[in-house]
Amino acid sequence: MSAQEINTATIKAIGWTFSTFAKHKPTIISIEDLHNSDIASVEVISSLIHSAQKSPIMLLLMLRPDKNISSHFLQAISFFHAVCILNR
């Protein structure tokens with residue numbers, strides 16, 4: 001398995017784990033200090049944001065608003081998905 005394949009499988013496994021938890025009861029995932037996150041962490045959280053659309057998962061993502069960090073685009077993704085969910 002290549003490094004990219006391992007990365008993709010890991011992200012899918014994390015999403016599957018939380019989706020499985022959420023099938024049994026609504027799940028809240030709280031992640032703090034995202035302003036300190038690396039690219040791999042941001043990829044996992046981005047995947048969780050997409051999983052939260054399909055399962056009763058609530059993500060509480062806390063970060064300092066700084067446009068110069070890798071996690072900044074999570075604000076836009078989170079806002080977009082929140083608006084989509086509210087418009088259902």
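This note sets out points on the fold of the protein chain, on helix α1 and on residue S19.

1. Basis of the model. The model is predicted, so local features are given only at pLDDT of at least 70 and side-chain atom pairs only at pLDDT 80 or more, while totals for chains, interfaces and linings use all residues. Residues are numbered from 1 along each chain as its sequence is written, and side-chain values use heavy atoms, with hydrogens and water left out.

2. Overall fold. The protein chain contains three helices and two strands, where helices (H or I, at least four residues) and strands (E, at least two) are DSSP runs numbered from the N terminus. Along the sequence their pattern is α-β-α-β-α.

3. Strand pairing. β1 and β2 run parallel and are joined by five bridges; two strands pair if DSSP finds at least two bridges between them. The chain passes from β1 through α2 to β2 in a right-handed β-α-β crossover, that is, with the strands pointing away from the viewer, the path from the first strand over the helix to the second runs clockwise. In this pairing, T27 stands opposite I57 in β2.

4. Of its 88 residues, 28% count as buried (under 20% relative accessible area; exposed is over 50%, and partly exposed lies in between, with a 1.4 Å probe and protein chains only). Among contacts (heavy atoms within 4.5 Å) between residues at least 6 apart in sequence, 77% join residues at least 24 apart.

5. Helix α1. This helix has 22 residues and reaches 32 Å from its first C-alpha to its last, close to the 32 Å expected at 1.5 Å a residue; the expected span is 1.5 Å times one less than the number of residues. I11, G15, S19 and A22 are its buried residues. They lie on the same side of α1 because they cover an arc of only 65° around the axis, taken from the directions from the helix axis to the C-beta atoms. The face turned away from this buried side carries the exposed residues A3, W16 and H24. The cover over the buried residues of α1 includes β1 (27–31), α2 (39–54) and β2 (57–61).

6. Residue S19. S19 lies in helix α1 (residues 3–24) and is buried, with a relative accessible area of 14%. Leaving aside residues up to four places away in sequence, S19 touches S51, S55 and I57. One of these, I57, is the residue of β2 that T27 stands opposite.
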